[in-house]
Amino acid sequence: MTPSARIQAAIDLLDAIIASARDGGPAADTLIARYFKERRYAGSRDRRAVRDHVYDAIRRAAERPETGRAAMIGVALERPEVAALFDGSTHAPLPIEPGETGAEAGAVPGWLQPLLAAPVEQDALLGRAPVDLRVNRLKATPAAVAPLLPDAVPIAGLPDGLRLPEGFPVEQQAAWKEGLVEVQDAGSQWIAAACAVQPGMTVVDLCAGAGGKTLALAGAMAGRGTLIAADTIRSRLARLEPRAARAGATFIETLLLDQSHEGRGLESLNGQVNVVLVDAPCSGTGTWRRNPEARWRLTPARLDRLVAEQARILDFAAPLLAPGGALVYATCALTEREGRGQIDAFLARHAGWTAEPIEIPVGRAHGAGLLLTPGHDGSDGFFFARLRRGA
């Protein structure tokens, strides 16, 4: 592919990504993989260059552009070397017309800006994310892993945390293949630490998904006790099984719940659980470093639905706790409604519950919980809080 043809390929892909974001279709990575599967003539350099162009355009535009051409022209108007590739040659985009405008640059959609928590450093939300690892204590120690990953550096305050440069191919390393480490952002590791689980406890990860935090809890429990990973989507839980096997966390139990009737499936656990983690569905505003396209999918109506769903999950999670048990609520979101507002509303609805401090050396106190942000803490963005049920 010529450099100009790569720009046209990026425009074609951006058109597909914009339509998919508008209509709730597949994610950008999926569309890019499909595009090149159908175009075997594109070499590895072509694929890498086109992907870089696509993500440069995605990261630059906070609002969903009208067209892929507008998205790419936005980049071109700031980078003359890209603008020169709009030359009208074979397989190239037509020249940029005088007065033709591109997508507007920005970090956060305009409608969302006033809804973000006040301390959030917006410009840092789109920086490149490193590769964070958690040493799996069921199989290894940091000292044993260090020689296997000489490029890794410790993450301050996280005894089991290691950090590698952005894009490091960790899944090709023996340490990952043998289950000695798991890819997990530092913020997620802090949330698992805030659960303060111990061996022998009964613990429920209520929105377990593919089980990243479940595996961290398993390591802290040293393989002893009852650890249940629950979710309403079978395909997500299915992804946990091979991960747990690789990690040696074979004591994890999975529980598939019926959407909208989760309480029925959890009834037998009411009043018996020491710790419940609610890593709730959310806007994902804290993960834009890894998924900048999510800005193009979020709408006010979708945010309303997510806030209502978070409250519903908290309400059926609460009865699971034994007296004195802890409910840890977390979202990878940085809006007030999904964080501080959600916890304030829960405490107003449920008597006998109190928020308690979380003693970790990162984050900033925010209402009844803690806020982690990429700009302040170098992790993905999270809000989390620990609530204690009265004895």
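Author: At a relative accessibility of 13%, R386 counts as buried, a term that stands for under 20% relative accessible area, with exposed meaning over 50% and partly exposed the range in between (1.4 Å probe, protein chains only). The model is a predicted one, in which local features need pLDDT of at least 70 and side-chain atom pairs count only at pLDDT 80 or more, while totals for chains, interfaces and linings use all residues. Residues are numbered from 1 along each chain as its sequence is written, and side-chain values rest on heavy atoms, with hydrogens and water left out.

The partner of R386 is E356, and their side chains meet in a salt bridge at 2.7 Å, N to O; the term requires a side-chain nitrogen of Lys or Arg within 4 Å of a carboxyl oxygen of Asp or Glu. This pair links distant parts of the chain, since E356 lies in strand 10 (residues 353–356) and R386 in strand 13 (residues 382–389), 30 residues apart. Helices (H or I, at least four residues) and strands (E, at least two) are DSSP runs, numbered from the N terminus. Elsewhere, salt bridges with shared partners join D56, R79, E81 and R128 into one network.

By the stated rule, the count comes to 28 salt bridges. Among them is the bridge between D29 and R51, whose closest N and O atoms are 3.0 Å apart. D29 belongs to helix 2 (residues 28–37) and R51 to helix 3, so this pair ties together parts that are 22 residues apart in sequence. D29 is partly exposed, at 41% relative accessibility, and R51 is also partly exposed, at 33%. Another salt bridge joins E336 to R340, with the closest N and O atoms 2.6 Å apart. Here E336 is partly exposed at 22%, as is R340 at 30%.

Helix 3 (residues 44–60) also holds H53. With a relative accessible area of 13%, H53 is buried. Residues up to four places away in sequence aside, H53 touches R6, I7, A10 and M72, where contact means heavy atoms within 4.5 Å.

Charge also meets the aromatic rings. R39 lies over the face of Y35, 3.7 Å from the ring centre; a charge sits over a ring if NZ of Lys or CZ of Arg is within 6 Å of the ring centre and within 35 degrees of the ring normal. R246 lies over the face of W176, at 4.0 Å from the ring centre.

The structure holds 2 aromatic pairs. In one of them, Y35 and F36 are edge-to-face, at 5.2 Å centre to centre and with 90 degrees between the planes. Rings of Phe, Tyr and Trp (its six-membered ring) pair if their centres lie within 6.5 Å, and planes under 30 degrees apart count as stacked, over 60 as edge-to-face and the rest as tilted. Y35 is buried at 12% relative accessibility, and F36 is buried at 9%. The rings of F346 and W353 have centres 5.5 Å apart and planes at 80 degrees, so this pair is edge-to-face. F346 and W353 are both buried.
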